[in-house]
Amino acid sequence: MSEITLAKSYSPSEHEPSILARWQAAGCFHAEAKSAGEPYAIFIPPPNVTAALHLGHALNNTLQDILIRVARMRGMNALWVPGTDHAGIATQSVVEKRLALQGKRRTDFTRETFVAKVQEWKDEYEAVILSQLRSMGASCDEARTRFTMDPVCTAAVREAFFRLFQDGLIERGKRIVNWDPVSQTALADDEVEMEEVDGFFWYLRYPLEDGSGHITVATTRPETMLGDTAVGINPRDPRAAALRGKSVRLPIVGRVIPIVEDDYVVMPAAMGGDPADAKAEFATGFLKVTPAHDANDFEIGRRHALEAINVLAPDGSISDRHGWSDVSAHAKQFVGLSREDARTAIVAWFKAQGLLESVKPYRHGVGHSYRSHVPVEPYLSDQWYVRVTDPRLSASALRSMNPAQFDGTQVSSQGGARGGDGELTFFPARYAKTFQHWHEGIRDWCISRQLWWGHRIPVWSRIVDSSAPPSASQWTARGAAEMRRTLPDGRIEIFVCIPESLDATLIPALVESGFTQDADVLDTWFSSALWPMSTLGWPNPARFAMDGMLETFNPSAVLSTAREIITLWVSRMVMFNRYFLNGRLPFRHVFIHCVVQDGFGQKMSKSLGNGVDPRDIIATHGSDAMRFVLTQISTATQDVRLPVDVLCPFTNETFSPTTITTPAGQVVAAPIQSCPTDPTRKMVTAFGASTGAVTATTEMPLARNSSARFDIGRNFATKLWNASRFALAQLGTTATPAHDVVPIALADRWILSRFTRTVQRIEESLAQYQFNPIAEALYEFVWRDFCDWYLEAIKPTVKSDPVQQAVLRAVMDGILRIMHPVMPFVTEVLWTAVQSVPAMSVRGLDLPASALATQARWPVPSTALNDGQAIAAFERVQALVVAIRNIRGERKVNDRRRIVLHALPEIMRIIDEAGGIVETLAGLERVEVVASNRPADAVGFSFAGCELFVSALAEALDVDAERTRLEAIIADRSRAVGGFEGKLSNPGYLAKAKPEVVEQTRRMLSEAQADLAAGRRALELLASSV
RNA sequence: GGGCGCUUAGCUCAGCUGGCUAGAGCACUGCCCUUACAUGGCAGGUGUCACAGGUUCGAAUCCUGUAGCGCUCACCA
C-alpha cells in the first residue's frame, strides 16, 4: 500500500495552489533555444488588456496547453509564450468611459498623463490575466511574458515600420476611410461591423443649370449633398446624350456641378438596367457624386478630376472649416448641425422647396464602429497605409497556402520557390478558404489611428515651399528614410522615418529643422502582426538576451485561435513574418477552435449577462473540471451551446433561470430570480446588473453564472481520484519489483490492449487538432474500461497476484500520464502517490519515473501489447455479463444475492478462459454445466446463439414476469431475423456487397435465429410447467 | 447578394472516406448506502437522423433542391 493516504474525495481548491507552487519551483515550463529536443512553439494569441479572460479564452488556452504539455512529455523543446495586447481603441475607450463617469475627457489631460492612466489600467488587467492563466494550469513560460508595447515588442515595431517605409510599402494617402466620429479615429475595414438599419431613400431634384428642367438623384444620406461635386449618369443611358456637357445647380449650396458619364452608375430597371440588381430597383439613373464622403464617389471623382469637398468635422457635424469654402447664405443654417439633425433639416428644406420628389423606406446595412457602435462615416482624410496589395505581401500569403487546401490553381512563385511556400495548413480545412478569399480581395491596410494609446508613428514631417526644396540626401545620408509628396497647393510635404537606433541623434536634429512627429499611433494589429517575431527578440535577439530564440522557435508549430482572427491577425502575421524573415512562416498550422455560445445559441457577452466566468468555475468545480469539459465540447463541426445556469448565492445550488426576451429578440435571464428552495429570497442576475435595471444589495445579492455541464468534469476528477485510491490500496509496497512482467490473465491483457489503443486514438486526434475525441477516449478508457470493468474484475485476485499488481501499477501510471495534459492538477497530486509505490515494469510499456507528472514521458506502448484476441475474448465476457445482469435487473435480484449459471460446455470455455471474472462481475455463486434437464427455478436466456439458464434468482420463480420477458425477447428477435432475412434474400445484396459484410449478416441471422428458438422453447417449457 | 457551416433522443453533442439492430453525457424510471467512489454502482425506456428528390444491393453518411438557424464577406443608389 502507498505510504501516502488520500482523502476520500478530491478537493481542487485544496491542492491547486500547492501544485502551482511545485511547478513554479521546478521551472519546468521554461524553454531555452539550446535545450534538447525538437523545437515546438506556440504563441498565445495575446488577450486584450481591456478585461479579464472569459470562457472563450479559457477554451483556447486549455487546448493550447494540451498541445504544449503533450509536446513537452514527448521530449520536445516546448515553448509557450504568454503575453497581452495593448488593444489601442478598446483599452483607450474603456479608460475614457471610466473618466467620463468622473465628468472628465481625454483632452482634459496631457497626452503623457492620459497614457499613464491607461498604463495603470493595463498593469491591473495584465496582472489579472496572467494570474488567470496560471490558475487555469496554462504551462506558459512566464519568464518570457511579453506585452505588445514593451521595449522588446516596440523594437520590432520600429524596425518593421522603418523597413516597410524604406521599401516603399508604406504610404501616406488622402483617401476615404471608415471614420468613427465618437472615437474620432480611422478604422480598418475589418473593424467595421455591418448592421441592418431601417432607412429611407430620398429622391432629390437638382435643377439643370440652363433651366431646362431637373434631374432626380436617390440617396440614403441626403446631408452629404452639400459636398456634391457632380452628378453621374451611365453613358449607355438613353438620356445621356441629351445631357452631355450640361450642368446642374446644386440646391442650397448653389454650386454649379457637371453631369459626368461613368459606367459605375446603375441604370434603373426601366431604362435597361439589370433587374436582378437591387440598386436598379431604386435607382433613378442619376447618381449624386460626393467624392469626400463616399468611397465609390471618390473613385468617380478621380476618374473625372472632380473636387472633393469635405463638409463634415471629425465629430460628424456639418462644418465649413474642413475643406468647404463655397458656403452660400442658404447653406450657413446647416453648419454646426450634427449629421443626424442635418439630415432631417436638409430633407425638410427640399420638401419646402418642392424638390423632394419622393421618399421610400429602405432597409440596408450600415457600417458601425466595432468600438463605439455608432455609424461609421466615410471620411476623406490623410492616413498611413501598408500596401498589402503589393505581391510581396498578399501574393506571398497566398503562396504559403498548402496546395491541397487551395481553391483553384495556385499561382507559382515568381523568381523561384521560397521557404515557407505551400506550408500553411488550416484545421479544420474549410477555413483555408476564408484565408484565401481575404487575400484575393485584399485592400490596402489603413494603419494610422487618431489615438493616444499605442505605438507612436515614427515619422516626422514638414511642409516646405516648392520653390526651395531642401536637398534629398540630408536625412537618408544619416540613416533615415525619406518620402515626399506634392500637396494640392503646390507645396511639398517631406516625411522622414527614423529607425529606433537613431532616435537620440536624429530626433533633436529633425525638431531643430522644423519637423514634427506624426501625432497618430499605429493600428494595434500592426504590433500583433509581429508577435511571433517580436516575442523572440526580432530584429536583434541578442540585444534582449534571446540569442538563438528566433532561429529555434520561429516558425512555431501552430496558432490556435478564433474564426474572425483569420483576417484580422493570421493574415498579417503570415505577410509580415514572410516578408521580414525571407519567406518563413510564423506557424505551419492554424487551428480554429469553436465558439462557446449560451444555451440559446447567442454569443456570450457582458451586456447580455450570459457569460460564464472561468474564475467562478475554477472556484466551484476546479480547474481540471473546467478544462476537461472545455476539451469535451471542442468539436470540429459546429459551435457549441453551453446552457448557462445561475448559482444561488444563498444555497450554492445551480438552477436554470427563468428567462425573458429583450426587445432585440435575445433570450436572457430575467433580472431577478428566486432561490429555488426558498422562493421568498431573491437575487440579481448578471443581465439585471448589466442593464442597470436592478442593483444588487445584501438582501438581494448578485448571482453568479455557472453551468451544470461542468459537473461532468468534476465527477470525472473524483472518479479518477477514487480509482487511484483503490488501486493504491491494492499495491504492495514491500514486494520486490519484478521486471518485464508478462501478463497472462485475460483482464490484464485486455486493459493493456485498451490502453494501447487509447493512446493511439489520442495521438491520431491530436494530430488533427480534434479535441472532443480526446476527451471521449480518456473518459471511456478511464471510467468505463478501467473503473467499471478492470478494477471490478480484479478485485478478488489482485492482492495475491504480483503480476496483476504490476499491470495495475503500470496502467494507473499510464492513465495519469495520458490524463495529465487535460487535467494537470489532479494527476499531479496523484502522481506523487502512485510514484511512491515501487515500480514493477510491464514488458512493452516503458514508463520512466519522474518527480512530477508534468515532466513525465508520454507513454509509447509497444504494439505487441495491442492484443486483438484479448479484446475479442473480453468483449464476449462483457456481453455475457451484461446478459446475466440484465436478467438480474429485470428480476430485481438484490445486488448481493449470488445466483447460479447453467451453461453449455462451449460457453464454459469462455468462462474458464476469463479466469473467474464472469463469476465476479455477474455475481455468480457457481457455474454448472447445463444438464439435459434444466433446473426447476431456472430462467432461460440466450447468448451468442446458445441457450443458458440462471437459477436461484429468488426463492420462487415469478411465472408472469418470466412470460412477459420471454415474449419481449421473442418479438425483438423475430424482428431482427426478419431484417436479416430480408437483406439476404436480396440478390443484389448478395452479388454486390462485400463478402465479409454478407458473411457477417449470415452470422448475425443464425445467432438471432438461435436466440429466437431458445426464447420460444423457454416459453413452451414455462407453459408446460404451470 | 457571395461564401462557409449547422439541423440526429427532452437537453448538449459524437457519428471521417456509405454496411453490425444509430451512439455518449446530462435529464428521466427501477433496484442498490456491496469495505475506491452516492460527485457512486447495476439495469432500463426514449429517435420518420429538418424536408423532398436522386445515386446505390444498401444512405444519418454521397449528389441535387427546399425550409429554418448561425457565422462571415460585400453592399449606405
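This note sets out points on a predicted model of a protein with RNA strand B.

1. Surroundings of RNA strand B. The RNA strand is surrounded by 63 residues, and the closest of these are Thr220, Arg641, Arg896, Phe980 and Lys992. By residue class, the surface near RNA strand B divides into 24 nonpolar, 15 polar and 24 charged residues. Helix 22, spanning residues 711–730, gives the most to this surface, with nine residues. On the RNA side, 62% of the atoms within 4 Å of the protein belong to sugar or phosphate, and the rest belong to bases.

2. Individual polar approaches to the RNA. For Thr718, an N or O atom of the side chain is 2.5 Å from a base oxygen of RNA strand B. For Arg784, a polar side-chain atom lies 2.8 Å from a phosphate oxygen. For Arg896, which is also listed among the closest residues, the partner is a sugar or linking oxygen, at 3.3 Å from a polar side-chain atom.

3. Nonpolar cores. The largest nonpolar core comprises 142 residues, and those with the most contacts inside it are Phe786, Tyr790, Leu901 and Phe941. Helix 24 (residues 772–794) gives the most to this core, with 14 residues. Apart from it lies another core, of 70 residues, which includes Trp384, Val388, Trp538 and Phe553.

4. Contacts of Phe941. With residues up to four places away in sequence not counted, Phe941 touches Leu880, Ala883, Ile884, Ile887, Leu901, Cys946, Glu947, Leu948, Phe949, Val950 and Arg965. One of these, Leu901, is itself named with Phe941 among the residues with the most contacts inside the largest core.

5. Strand 9 and its partners. Strand 9 covers residues 230–233; Ala230 and Gly232 point one way, Val231 and Ile233 point the other way, and all are buried. In a regular strand the side chains alternate between the two faces of the sheet. Strand 12 (residues 286–289) runs antiparallel to strand 9 and is joined to it by four bridges, with Ala230 standing opposite Val289. Strand 11 (residues 256–261) runs parallel to strand 9, and three bridges join the two; here Gly232 stands opposite Val260.

6. Pro235 is placed in the loop between strand 9 and helix 6 (240–243). Is this residue buried, partly exposed or exposed? Its relative accessibility is 33%, so Pro235 counts as partly exposed. Beyond its neighbours within four places in sequence, Pro235 is in contact with Ala240, Glu261, Asp262 and Asp263; residue 261 is also where strand 11 ends. The C-alpha atoms of Pro235 and Val265 are separated by 8.7 Å, although the two residues are 30 apart along the chain.

7. The hairpin of strands 7 and 8. Strand 7 (residues 192–207) pairs with strand 8 in the antiparallel sense over six bridges. The two strands form a hairpin with six residues between them, and in the turn Gly211 has a positive phi of about 80 degrees. Trp202 stands opposite Thr219 in strand 8. Strand 8 (residues 214–219) is largely enclosed by the rest of the structure, because five of its six residues are buried.

8. His621 in helix 19. His621 lies in helix 19, which spans residues 614–621. Its relative accessibility is 7%, and His621 therefore counts as buried. A polar contact of 2.7 Å joins its side chain to that of Thr620. With neighbours within four places left aside, the residues in contact with His621 are Pro12, Ser706, Phe710, Asp711 and Arg714.

9. Thr662 in a loop. Thr662 is found between strand 29 (659–661) and strand 30 (667–669). Its relative accessible area is 12%, below the 20% limit, so Thr662 is buried. Apart from neighbours within four places in sequence, Thr662 is in contact with Val668 and Phe687. From C-alpha to C-alpha, Thr662 and Asp523 are 35 Å apart in space, with a sequence separation of 139 residues.

Key
Residues numbered from 1 in each chain as written. Chains lettered and ligands numbered in written order. Heavy atoms only, no water. Buried < 20%, exposed > 50% of the residue type's maximum accessible area, 1.4 Å probe, protein only. Pairing = 2+ DSSP bridges. Near = heavy atom within 4 Å. Polar contact = N/O pair within 3.5 Å; in protein donor to acceptor, adjacent residues only side chain to side chain. Nonpolar A, V, L, I, M, F, W, Y, C, P; charged D, E, K, R; others polar. Contact = heavy atoms within 4.5 Å. Core = buried A, V, L, I, M, F, W, Y, C linked by side-chain atoms within 4.5 Å.
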